[in-house]
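Please read the briefing below alongside the sequence and the model.

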Amino acid sequence: MDKLINDFSVGLFFWQTLVFVTLILVLRRFAWKPILNAVNEREESIEGALKAAEKAREEMASLQASNEAIMKEAREERERILKEARDMKNSIVAEAKESAVAEAEKTIAAAKATIESEKAAAIAELKNQAATLSIEVAEKVLGQELSTKNKQAEMISKMIDEVKIN
Amino acid sequence: MITKFNTFWAFLGLLFVTSSAVAQDHGHEVHKEAAHHEEVAHDDSHHATALHEEDSETDIKAVIKETIDHHLADSYDFHITDGIGFPLPVILFDNGLKVFSSSKFHHGHEVASVDGDNYVLYHGKIYKALSTDIHTALDYDDHHHVTNEKPLDFSITKNVFMILVMAIFMFFLFSGIAKSYKTSLKPQKAGKFLEPIIIYVRDEIAIPNIGEKHYKKYMSYLLTVFFFIWFLNLAGMTPLGINVTGNIAITFSLALMTFIITQVSGKKDYWMHIFWMPGVPVVLKPVMAIIELIGLFVKPFSLMIRLYANMLAGHVVLMSIIGLIFVFGKWVISPAFFGLTLVLSLLELLVAALQAYIFTMLAALYFGSAVEEHDHH
């Protein structure tokens, strides 16, 4: 301890304190503040850049997700439209078939009816003509043979019977 | 990889140059002194040869001890090696300001007369001379201690000179780094190496010990103190014989500044913990106050002694081992001591950084305790 006190130099202490305090003040102004500020600024910019990158990545991901959703929707829409079209086609075809069948049936029925009526008319006419013809024939035949009333009646009923059979 | 290698070899080379230069420097002195002694011994015909050799060996030891003491002590001139060096200005406050070159002392062989006052340099200290004759200038007491009056001494000694050089060096180094950030935020040149250390001081020393809220205002002090101690410790590893951080006045000044900053920034909680410790029975509170009050002064005192003792011890050990090379000069084991010096130099390089770290760390811890705010009351 004695040696320590003996070694202690007031002059050295004075200069050390003076120089050191000056050094702190000077370095604070010209070195530490600018350096620490620059380091801070850089750290902040790095952090900012990292955050921006992270944000961009997130945006990208969400964009991709929304893209996919849109795609999916579009695909569904297409399916739906296609299905609708298919259904419509089917129903149209079915309807057309149905109406065609109905029309055909109607036409056939009409044709049948016409045929029937024509046939009836034809038969009637044929009958009439046959009757007329037979009457004419009969007239001619009868003109010669059926001079008597009995014979005539006999002849007529015989003919009617024949006709009925017919 | 290449840069790493270059740095490594440069470092190793520097270490070699350093160690060998130290060895040479002191070797010269030792040999010279030893030779001088032998001459004296030869003149004295009464000495037997055996006695002479033994005497010579103890004398080498004495010379080594003196060389170490000389190396550790402050000095009024900057001595590099034999015949190379320069005198430094002496500034005394004694009947007014007196400024003169230390060369006037002629290394203590002559009395310096300045403006009618006479001064003499004796064992690294300036005394008022009693006469202009060197032989009668000093007055001794029974224990061979000088009783002369000492003038108020504000000389630019070797240590003061080194502090000034270091301050200028640090100014240019760090303001240069600061300027380089103006062009680019990327660290350049010295900044590449020193910036991580600055960030380390901030992130590992200041913020954990002081806290995110208050650390900023202490950064200037912590950074300055860290680099100042570290660089001066490293300067002490050069063969220039510099021992600034191993000087009690320097460490006292640093510890005192730490003490003052701590007390000035002490908040209510800090003083409360010293004078009226919460959570302790009332009877014990005065006792705690006494203990805390002692602790208040012990803390900076330990800072002062730790740095001083570590650096001083490092120098003493290194130089003693270098001295052993000359004690065992004739033997083959000298190279072994050289190797030991190299290994210890490496250790001292570590200690140089470690002591700077410890001082800064503890200073930050004390500042932290001063500004700490407790939530529990």
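In this predicted model, α6(B) meets α8(B) through B:Ile248, B:Thr251, B:Phe252, B:Leu254, B:Ala255, B:Thr258, B:Phe259 and B:Gln263. On the α8(B) side, the residues are B:Leu296, B:Phe297, B:Pro300, B:Leu303, B:Met304, B:Ile305, B:Leu307 and B:Tyr308. Contact means heavy atoms within 4.5 Å. By class, this contact has 13 nonpolar, three polar and no charged residues.

**Helix packing**
- Helix α6 (residues 248-264) of chain B and helix α8 (residues 285-327) of chain B pack at about 150°, and their axes are 8 Å apart.
- That angle makes α6(B) roughly antiparallel to α8(B) (over 145 degrees).

**Aromatic pairs**
- Over all chains there are 32 aromatic pairs (ring centres within 6.5 Å).
- B:Phe174 and B:Phe231 form a stacked pair (planes under 30 degrees apart), with ring centres 6.3 Å apart and planes at 10°.
- B:Phe174 lies in helix α3 (residues 158-183) of chain B and B:Phe231 in helix α5 (residues 219-235) of chain B, 57 residues apart.
- Both B:Phe174 and B:Phe231 are buried (under 20% relative accessible area).
- B:Tyr270 and B:Trp271 are edge-to-face (planes over 60 degrees apart), with centres 5.0 Å apart and planes at 70°.
- B:Tyr270 is buried at 8% relative accessible area, whereas B:Trp271 is partly exposed at 29% (between 20% and 50%).

**Conventions**
- Residues are numbered from 1 along each chain as its sequence is written, and chains are lettered from A in the order in which they are written.
- Local features need pLDDT of at least 70, and side-chain atom pairs count only at pLDDT 80 or more.

Conventions. Side-chain values use heavy atoms; hydrogens and water are left out. Axes are lines fitted to C-alpha atoms, for helices over the stretch in contact, and angles run from 0 to 180 degrees between N-to-C directions. Helices (H or I, at least four residues) and strands (E, at least two) are DSSP runs, numbered from the N terminus. Angles under 35 degrees count as roughly parallel, over 145 as roughly antiparallel, 65 to 115 as roughly perpendicular and the rest as oblique. Ala, Val, Leu, Ile, Met, Phe, Trp, Tyr, Cys and Pro count as nonpolar, Asp, Glu, Lys and Arg as charged, and the others, Gly among them, as polar. Rings of Phe, Tyr and Trp (its six-membered ring) pair if their centres lie within 6.5 Å; planes under 30 degrees apart count as stacked, over 60 as edge-to-face and the rest as tilted. Buried means under 20% relative accessible area, exposed over 50%, partly exposed in between (1.4 Å probe, protein chains only).
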